[in-house]
Amino acid sequence: MADELKFQEFEEAADLLSADPGASTISVSTPASSGAAATSSSDVRLNLSDDEEENQQESSGLLRGEKQTSGFWTFEYYQSFFDVDTVQVLDRIKGSLLPLPGRNFIKHHIRSNPDLYGPFWICATLVFSVAISGNLSTFLSQMGDPQYHYRPQFHRVTIAAVTVFLYAWLVPLAVWGFMTWRQSTARQMSAYSFLETVCVYGYSLFIYIPTSILWIIPFGWLQWLLILIAMSVSGAVLVITFWPAVRDDTKMTAFSVMAAIVLLHALLAIGCKLYFFEAAAQIPSLNPSSAPSSLNLTALTTLSKPK
């Protein structure tokens with residue numbers, strides 16, 4: 001019975017070899033062969049484990065969201081800058097509204113995946129909110145004047161777009177360039193990429209959107225109070241973020257950079273307030289169109305009087 005079993009096993013192996021000549025067989029009849037089988041099986045396991053490690057590394061690289069290297073002229077290159085979901089954007093907006101001491105915005109919110117989706121739409125929304133709210137503010141301030149005729153000022157949208165987008169790109173470029181230059185002089189400073197710098201500046205502008213809408217309320221003291229609150233919150237985000245990058249430099253340089261960042265941020269808010277939300281030029285009490293006729297009437301009256 002044992003011989004029949006051995007013969008059948010050999011016949012089955014022969015059939016397998018005839019079907020696949022490159023296959024390898026392992027005999028389990030002797031202890032020595034069983035040891036060889038264990039060795040070969042361990043080799044197979046090792047080989048399989050190496051392949052599994054490579055596959056795991058590749059899959060982990062994909063899960064971490066590593067960006068594929070591609071030319072800047074390709075669509076995939078720019079698509080990676082907008083690879084965020086709603087939860088991430090809302091979390092970053094929340095972080096820009098609640099700056100906490102010692103909580104770096106870049107390291108805690110955007111270091112894993114900086115994006116341009118949030119900053120772009122925040123800037124675009126801010127442009128329209130400032131322009132539209134400025135028009136409404138002018139209309140409400142002059143609504144009771146019978147001599148005032150409302151005209152939509154569409155050029156304000158262009159001015160707001162140029163101002164906001166230039167600020168959101170040129171100022172981060174200047175800050176990033178300065179930090180890179182100081183880092184090249186062997187200063188021990190934290191390195192922020194240009195994309196991270198643009199990202200933190202874009203999200204820091206979010207608080208100006210509800211502030212610009214509240215600027216419609218025609219109370220000067222309330223408008224300036226809202227400006228101070230918005231500048232304090234957004235300026236705190238920038239200071240907390242960029243201070244670790246410059247604090248190891250000289251005190252003069254570090255404080256100068258922080259002062260420049262806060263000053264430029266304040267100039268943006270104050271400039272928008274003074275240009276878009278100040279009441280239109282006061283219309284004189286004398287209507288210019290009726291002034292010539294009244295002057296002519298006065299002159300005729302004077303000439304008609306007997307001397």
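Student: What volume does the largest cavity have?

Tutor: The model is predicted, so local features need pLDDT of at least 70 and side-chain atom pairs count only at pLDDT 80 or more, while totals for chains, interfaces and linings use all residues. Residues are numbered from 1 along each chain as its sequence is written, and side-chain values use heavy atoms, with hydrogens and water left out.

The largest cavity has a volume of about 50 Å³. One cavity of 30 Å³ or more turns up in a search of the whole structure. Here a cavity is a set of points, on a 1 Å grid over the protein atoms alone, where a 1.4 Å probe fits but cannot get out; lining residues have an atom within 4 Å of a point. Grid points are joined across faces, edges and corners, and the volume is the space filled by probe spheres set on the points.

The lining of the largest cavity consists of L126, V130, Y208, W215, L268, A269 and C272. Two elements, α6 (117-142) and α11 (251-276), each give two or more residues to this lining. The most comes from α11, with three residues. Helices are DSSP runs (H or I, at least four residues), numbered from the N terminus.

By residue class, the lining of the largest cavity has seven nonpolar residues, no polar and no charged. Nonpolar covers Ala, Val, Leu, Ile, Met, Phe, Trp, Tyr, Cys and Pro; charged covers Asp, Glu, Lys and Arg; the others, Gly among them, are polar.

Conventions
On a 1 Å grid over the protein atoms alone, a cavity is a set of points where a 1.4 Å probe fits but cannot get out, and a pocket is an open set with protein on both sides within 12 Å along at least five of seven lines; lining residues have an atom within 4 Å of a point.
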